[in-house]
Amino acid sequence: MKSLLWPLCLLFVLPLATVAQSPSRYTISPLAKLPADSLLKARLLISLDGFLKDKDHPGQPSVYIDTAYLRGYRMGFEEIVKVENSAKRNDTSFYKAQLQNVIKLKPEGEYLIKLGFVGLADGQPVVRMIYSIIARDRKDRFVFYPARDYVIKDWKQQWVGNIHYLYPYTLDMAAARRFDHFNTEVAGWFGAKPVKLHYYHCSDAQELLRVKGVDYDANASYMRRGDSDKDNDIFMSGVGSPWYGHDLIHFYCDKFLPRPINRAMEEGLAYYADGGWGESYTTCLGLLKKYAADHPGEDLYRVFKNNVSVGDISLKFTINALLLQDVIRRQGFPKALEVLKAENNDAGLEQSLHTHFGLTPTNFNENIRKRLGAS
């Protein structure tokens with residue numbers, strides 16, 4: 001593995017060693033292909049410096065960012081807001097921006113810009129992210145856009161009920177219709193009309209990242225990933241399916257429930273509705289039952305408190321799903337949503353458990369084991 005990574009490391013360490021003749025917010029890779037026209041190149045480099053200055057404040061006016069465009073796509077440049085920061089090293093400018101390449105596109109005056117964010121630790125390059133943006137020449141300056149429209153320019157589109165699918169290859173119509181019906185059902189839980197979703201049906205999590213402009217992210221999980229923009233009803237899925245019920249619960253909670261919401265209990269509702277990590281709620285509940293049976297002397301409150309998992313499945317979230325299942329069956333979804341309304345911390349969760357279920361650290365183990373036996 002070391003021999004495979006070394007050429008990549010060289011790509012980054014060379015420009016970090018010597019600051020190129022560019023504005024101070026970034027360096028230029030010696031391998032970068034810049035426009036031959038000197039005036040155009042100067043305009044691009046100055047504009048890029050302005051963009052990097054403004055990117056951390058996407059809601060504020062900027063001559064280098066189309067703020068009207070971002071109102072319709074609030075995810076925008078969120079992946080690189082304060083990306084220079086390293087919490088581990090307590091350094092807000094550890095990762096330095098690097099212009100890696102400028103690729104001319106069609107139509108005329110449009111370019112694909114490749115940026116790297118790289119730091120040096122003990123003389124070794126640390127690559128945080130490789131990111132793509134689109135630059136459009138306005139003759140007096142360049143204006144920068146997210147890469148989304150460029151990445152999906154050849155994708156197909158189709159409405160299935162209230163779901164507007166955008167997808168690169170094929171669409172499983174049976175699953176798409178099922179998700180549309182589920183969308184209507186979930187809207188009813190929240191007392192709302194079904195949201196007309198723009199569903200970006202990515203083949204996998206890495207493709208979702210590319211839609212968001214991310215070519216590489218050292219902090220990303222490549223197993224499953226979703227994202228959404230509740231203000232513009234955008235729903236992105238990296239699970240390779242037109243069905244993603246788990247994250248639809250998060251979308252509706254974010255869009256329709258007032259803050260605060262306890263995220264762990266919200267995960268419980270998502271587990272109840274569609275399981276977790278590709279496994280059904282029935283499977284998750286079976287794993288919890290097996291764990292409890294295999295550890296008869298273990299206090300399940302400790303398991304809950306420490307968020308113990310079996311594989312990718314959280315036993316804590318599964319316990320929350322079990323509790324919400326009981327509420328839904330006895331009192332309906334409006335009451336279950338009330339359970340979610342708590343501060344997003346351990347204290348808020350424990351208060352909700354006590355208020356709605358009478359659970360305390362002392363009686364938790366006995367109560368949950370009884371519920372598992374009855375389920």
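Analyst: The description below begins with the cavity and then turns to the salt bridge beside it.

This is a predicted model, in which local features need pLDDT of at least 70, side-chain atom pairs count only at pLDDT 80 or more, and totals for chains, interfaces and linings use all residues. Residues are numbered from 1 along each chain as its sequence is written, and side-chain values use heavy atoms, with hydrogens and water left out.

Rolling a probe the size of a water molecule over the atoms shows where empty space is left. On a 1 Å grid over the protein atoms alone, a cavity is a set of points where a 1.4 Å probe fits but cannot get out, and lining residues have an atom within 4 Å of a point. Grid points are joined across faces, edges and corners, and a volume is the space filled by probe spheres set on the points. The structure holds one cavity of 30 Å³ or more. The space in the largest cavity amounts to about 40 Å³.

Its lining is formed by Phe304, Lys305, Lys316, Asp346, Leu349 and Glu350. Two elements, α10 (300-305) and α13 (346-357), each give two or more residues to this lining; helices here are DSSP runs of H or I with at least four residues, numbered from the N terminus. The largest share, three residues, comes from α13. By class, the lining has two nonpolar, no polar and four charged residues. In this scheme Ala, Val, Leu, Ile, Met, Phe, Trp, Tyr, Cys and Pro count as nonpolar, Asp, Glu, Lys and Arg as charged, and the others, Gly among them, as polar.

Side chains of opposite charge can pair when their charged atoms come close. A salt bridge is a side-chain nitrogen of Lys or Arg within 4 Å of a carboxyl oxygen of Asp or Glu, and the structure holds 28 of them. One of these joins the side chains of Asp346 and Lys316, at 3.9 Å from N to O. Asp346 lies in helix α13 and Lys316 in helix α11 (residues 315-331), so this pair ties together parts that are 30 residues apart in sequence.

The two partners are also described by their accessibility, where buried means under 20% relative accessible area, exposed over 50%, and partly exposed in between (1.4 Å probe, protein chains only). Lys316 is buried, at 10% relative accessible area, whereas Asp346 is partly exposed, at 42%.

Methods: 1 Å grid on protein atoms, 1.4 Å probe; cavity = no way out; pocket = protein on both sides within 12 Å on 5 of 7 lines; lining within 4 Å.
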